[in-house]
Amino acid sequence: MTDQPLQDLLRELAPQVLGALARRESDFAACEDAVQEALLAASQQWPVEGRPENARAWLLTVAQRKLYSAIRTETARRTREVRDAALTAAMYAGAPDEEPAAGDDTLTLLFMCCHPALSPPSQLALTLRAVGGMTTAEIARGFMVPEATMAQRISRAKSRIKATGVRFRIPSEMERPDRLRVVLHVLYLIFTEGHTSTAGPSLQRVELTSEAIRLARILHRLLPEDGEVTGLLALMLLTDARRDARTDTAGALVPLADQDRSAWDHVAIEEGAALIGATLGTVAAGPYQIQAAIAALHGEAKTAADTDWAQIRALYRVLDELAPNPMTRLNLAVAAAMLDGPNAGLALVAEVEGTGDLDLSHRIYAVRAHLLEMAGHFPGAQAAYRQAAQLTKSLPEQRYLEQQAGRLT
Amino acid sequence: MKYLVMLYDAPNIRENISPELIEQMQALIGELEASGELVSVEALADPAQTQTVRFDQQVPAVTDGPYAEVKEQMGGFILLDVESTQRAVDIASRWPGSVVSAIEVRPLMNPGADPQ
């Protein structure tokens with residue numbers, strides 16, 4: 001425990017301390033500020049004065065003191081006649097004697113930060129700060145926005161919580177599945193944001209992906225029986241395992257089939273595959289589990305040629321039934337092409353083309369280009385690569401697609 | 001997702017801007033700031049103050065004035081970080097219509113790749 005790096009320890013304790021405080025105090029925003037102040041105090045004092053015996057209790061005490069002095073200042077500003085004694089009595093009136101398990105508080109916090117009353121950008125920001133224990137500056141770097149912008153997003157989220165009367169409690173059995181789905185989606189968005197905001201070693205890398213994985217691990221520890229939580233953690237591990245192989249030394253994109261599989265993180269693949277292997281078939285399958293199972297099949301193929309496309313196609317079909325969406329259709333088209341030839345795939349791509357989804361159009365062209373090339377229609381493939389390049393908003397992807405088009409001249 | 005909102009001045013708006021219009025624009029900016037969607041906002045000086053660096057066979061040559069001699073010049077820009085294209089367009093549509101002839105909403109490229 002004492003060997004653990006200070007920042008890791010603080011971030012692990014952050015949601016526990018905030019949870020304990022928010023459980024007994026009504027003003028969540030003030031609690032959150034107080035915990036951030038306590039974390040800052042710890043990161044300054046502990047390296048000098050040594051780590052306290054009970055780190056969690058130390059943080060809770062300091063956060064509590066910060067909170068009460070903030071309340072006192074605020075109260076004094078509003079009604080100067082309020083006596084300190086009365087305030088002190090009120091302070092301790094709500095404090096329960098028994099400490100709940102730290103895990104429960106973290107889960108409650110997650111549900112609160114991912115409340116449907118908040119916009120998705122606010123949910124992401126608040127989750128990273130309140131549950132992840134990241135500073136506003138770190139979160140801002142991760143999303144590549146100025147700190148002031150992120151600070152506003154967080155304070156807006158906190159004032160929405162106050163205004164809409166969101167309470168610090170676990171959702172009822174009835175609403176729980178829906179609420180958990182939002183939590184999973186927020187963690188997934190943090191994970192994908194990490195991918196889109198980082199490119200090679202040149203950019204400062206705030207590891208949003210690692211943070212998403214860490215939070216998913218915590219959630220999995222709290223809800224080990226939930227198949228979708230397990231599925232999401234597995235999906236993240238399996239996707240992130242390929243990270244280093246996704247770009248070459250020059251930062252150019254390398255497609256899955258051409259990746260150096262020895263550069264994959266096989267420990268992470270093994271862990272992800274084991275997680276999904278143990279879950280699949282024991283509970284009702286959900287979208288994250290299916291996607292993780294597909295990622296595991298890719299991860300376990302020794303070479304691109306060894307890929308079990310029949311199994312992958314079957315899984316995409318299940319996914320398409322569970323949660324129909326054009327992206328799944330496109331993936332299904334690729335699997336069909338690998339099994340039955342490019343024309344089978346192109347027929348499926350044609351079906352997706354009518355959806356008019358702007359954010360997907362570059363992917364549709366890219367898949368079409370790839371399948372046309374497989375079919376030997378080079379001019380058509382080249383035109384489709386160019387269209388895809390024009391429509392993508394990712395720089396490495398654009399370069400890759402232009403390169404593919406150039407290769408065919 | 002980040003978007004550059006390019007505001008093209010309405011003809012002669014700089015001479016005719018009213019305090020009410022300025023207030024309207026400031027209110028919208030204040031709202032975007034509060035919601036955490038505003039990355040930055042800048043007004044540009046008069047187009048007459050533009051210096052254009054042209055490249056003739058990769059050799060730079062500096063001339064006075066904007067590149068294009070058109071009536072519609074960019075008067076300012078807003079950088080937004082919003083949830084969707086629709087949201088960016090909705091924000092642009094709320095700009096006071098009398099100060100602009102048109103607004104272009106253009107997505108930024110991101111430096112990383114999408115996962116998968």
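The model is predicted. Chain A has 19 helices and zero strands. Chain B comes to three helices and six strands. In chain A, 49% of the 409 residues count as buried. In chain B, buried residues make up 35% of 116.

**Chain A overall**

- The secondary structure of chain A holds 19 helices, with zero strands.
- Take the contacts in chain A between residues at least 6 apart in sequence: 63% of them join residues at least 24 apart.

**Chain B overall**

- Reading from the N terminus, the elements of chain B follow the order β-α-α-β-β-β-β-α-β.
- Along the principal axes, the C-alpha atoms of chain B fill a box of roughly 50 × 45 × 20 Å.
- Of the contacts in chain B with a separation of 6 or more, 77% are between residues 24 or more positions apart.

**Helix pair α12 and α13, chain A**

- Two packed helices are described by the angle between their axes and the distance between the axes.
- Helix α12(A) spans residues 266-279, and helix α13(A) spans residues 287-300.
- Their axes come within 9 Å and cross at roughly 135°.
- An angle over 145 degrees would count as roughly antiparallel, so α12(A) and α13(A) are oblique to each other.
- The crossing of α12(A) and α13(A) is left-handed.
- From α12(A), the contact residues are I269(A), A273(A), I276(A) and T279(A).
- From α13(A), they are Q289(A), A292(A), A293(A), A296(A), G299(A) and E300(A).
- By class, this contact of α12(A) with α13(A) has six nonpolar, three polar and one charged residues.

**Helix pair α16 and α17, chain A**

- Helix α16(A) covers residues 342-353, and helix α17(A) covers residues 361-374.
- The two axes come within 9 Å and cross at roughly 160°.
- That angle is over the 145-degree cut-off, so α16(A) and α17(A) are roughly antiparallel to each other.
- The crossing of α16(A) with α17(A) is left-handed.
- On the α16(A) side, the contact is made by P342(A), G345(A), L346(A), V349(A), V352(A) and E353(A).
- On the α17(A) side, I364(A), V367(A), R368(A), L371(A), L372(A) and M374(A) take part.
- The residues of the α16(A) and α17(A) contact divide into nine nonpolar, one polar and two charged.

- H115(A) sits in the loop between α5 (102-113) and α6 (120-131) of chain A.
- H115(A) has a relative accessible area of 19%. The cut-off for buried is under 20%, so H115(A) counts as buried.
- A polar atom of the H115(A) side chain lies 2.9 Å from the backbone nitrogen of A117(A).
- Leaving out residues up to four places away in sequence, H115(A) touches Q123(A), V166(A) and R179(A).
- E32(A) belongs to helix α2 (residues 28-49) of chain A.
- E32(A) is buried, at 2% relative accessibility.
- With residues up to four places away in sequence again left out, E32(A) touches L18(A), R129(A), A130(A) and K158(A).

**A partly exposed helix residue in chain A: Q311**

- Q311(A) lies in helix α14 (residues 309-322) of chain A.
- At 40% relative accessibility, Q311(A) counts as partly exposed.
- Q311(A) and I294(A) are 17 residues apart in sequence. Their C-alpha atoms are 8.2 Å apart in space.

- Most residues other than glycine have a negative phi.
- M144(A) has a positive phi, near 55°.
- M144(A) is placed in the loop between α7 (136-143) and α8 (147-163) of chain A.
- M144(A) counts as partly exposed, at 34% relative accessibility.
- Q58(B) also has a positive phi, near 70°.
- Q58(B) is found in the loop between β3 (51-56) and β4 (59-64) of chain B.
- Q58(B) is exposed, with a relative accessible area of 73%.

Notes. Residues numbered from 1 in each chain as written. Chains lettered and ligands numbered in written order. Predicted model: local features only at pLDDT ≥ 70, side-chain atom pairs only at ≥ 80, totals over all residues. Heavy atoms only, no water. Axes fitted to C-alpha atoms, helices over the stretch in contact; angles between N-to-C directions. Helix = DSSP H or I, 4+ residues; strand = E, 2+ residues; numbered from the N terminus. Parallel < 35°, antiparallel > 145°, perpendicular 65-115°, else oblique. Left-handed = near helix turned anticlockwise from the far one by under 90°. Contact = heavy atoms within 4.5 Å. Nonpolar A, V, L, I, M, F, W, Y, C, P; charged D, E, K, R; others polar. Buried < 20%, exposed > 50% of the residue type's maximum accessible area, 1.4 Å probe, protein only. Polar contact = N/O pair within 3.5 Å; in protein donor to acceptor, adjacent residues only side chain to side chain.
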